[in-house]
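Hello,

The structure we discussed is below.

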Amino acid sequence: EVTSGLKVCQSEQKFDSLKGLDNLKTFVTGTIKNPLSKGIMLIGPPGTGKTRFSQCLSNEVGLIEFEMEVAELFGGLVGDSEKLMKTALDIIRANAPCILFIDEIEKALAGVKGGQTGDGGTTTRSTSQLLKFLSDNRPEGVYVIATCNDISSLPPEWVRPGRWDSAPFFIDLPDHEQREDIFIY
């Protein structure tokens, strides 16, 4: 763990160990090296390879990958959460180019919808820092991959056009042919 809520992901796997997701692999490898590229959101049911894709990607393109656990960025004292988020974002900025992976982002943002969080605004203020980072303060070369199991629970500002390189990619369960490839591998 680099700091609270932020760790370096390490994996030896590359895309050849990940069957399926060919369109996603092609799209991301074609955009990630562009310094103005922002990243992607992957949606779909659990167990479809969203997290594994991100792990393989960092090795495939040779970039360090950070995993942000937003829930761990909330402190117990007034101002702690905002400070923890700022520290995490500063580390990411300092390590550009890199990949920032946020798994199950909808869980991290639970309760943010409509600004009513019941925590005195701490969640809203902290996640606003992250939203601003994704919109205005993302340095060139920081590619963000966010996964989401239930997009209906995300506030609309997190999926609006322009925040990501494309509309969210839907990752479904593998079809019959893909399952055969997985089992043979």
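At 30% relative accessibility, Arg93 counts as partly exposed (buried is under 20% relative accessible area, exposed over 50%, partly exposed in between; 1.4 Å probe, protein chains only). This is a predicted model, in which local features need pLDDT of at least 70 and side-chain atom pairs count only at pLDDT 80 or more, while totals for chains, interfaces and linings use all residues. Residues are numbered from 1 along each chain as its sequence is written, and side-chain values use heavy atoms, with hydrogens and water left out.

Arg93 forms a salt bridge (a side-chain nitrogen of Lys or Arg within 4 Å of a carboxyl oxygen of Asp or Glu) with Asp90, the closest N and O atoms being 3.1 Å apart. Both lie in helix H3, three residues apart, about one turn of the helix (helices, H or I, at least four residues, and strands, E, at least two, are DSSP runs numbered from the N terminus). Asp90 is partly exposed too, at 33%.

The structure holds four salt bridges. In another of them, Glu67 pairs with Lys7 at 3.9 Å between the closest N and O atoms. That pair links distant parts of the chain, strand S3 and strand S1, 60 residues apart. Glu67 is buried at 16%, whereas Lys7 is partly exposed at 41%.

Regards
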